[in-house]
Amino acid sequence: MSVRAIMMGAYNSEGAKGIIGGSDRMAAVKAVAEAAGGSVNHVSFMRGRMDIIVDFNVPDATTMMGVMAAAHASGTFSSLEVHECIDNAPVVAAAQRILKAYVPANA
């Protein structure tokens, strides 16, 4: 089962120089996803605290963290986050089951 993730990054000055210098970030993102055995759903640059957002699929959570580690190790980001997209229904079902056994500290 593959993992879908959203990665957001803020480029540091070296990363910004690469962007301004004409580095093809779309090709680079696709190459990373393919090397990880995955695929890219969407890439966009954005305004705000983060500069780029990547929606991608990889084989598993370990690979997802490997993608983030490789991107971070490149030295071109001042901030980098990866968030795994999940199906909420099983989480709610587990929470409902667990809540029956939970006793609050003030009970």
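Student: In which strand is the place of Asp-55?

Tutor: This is a predicted model, in which local features need pLDDT of at least 70 and side-chain atom pairs count only at pLDDT 80 or more, while totals for chains, interfaces and linings use all residues. Residues are numbered from 1 along each chain as its sequence is written, and side-chain values use heavy atoms, with hydrogens and water left out. Strands are DSSP runs of E with at least two residues, and helices are runs of H or I with at least four, numbered from the N terminus; Asp-55 lies in strand S3, residues 52-58.

Student: Is Asp-55 buried or exposed?

Tutor: Buried means under 20% relative accessible area, exposed over 50%, and partly exposed in between, with a 1.4 Å probe and protein chains only. Asp-55 counts as buried because its relative accessibility is 11%.

Student: Which residues is Asp-55 in contact with, leaving aside its neighbours within four places in sequence?

Tutor: Contact means heavy atoms within 4.5 Å, and on that basis Asp-55 touches Arg-4, Ala-5, Ile-6, Val-40, Asn-41 and His-42.

Student: What volume does the largest pocket have?

Tutor: Rolling a probe the size of a water molecule over the atoms shows where empty space is left. A pocket is an open set of points on a 1 Å grid over the protein atoms alone, where a 1.4 Å probe fits, with protein on both sides within 12 Å along at least five of seven lines; lining residues have an atom within 4 Å of a point. Here the largest pocket has a volume of about 380 Å³, and of its 23 lining residues the closest to its centre are Arg-25, Val-29, Val-32, Ala-71 and Phe-77. H2 gives the largest share of that lining, 5 residues.

Terms used
Grid points are joined across faces, edges and corners, and a volume is the space filled by probe spheres set on the points.
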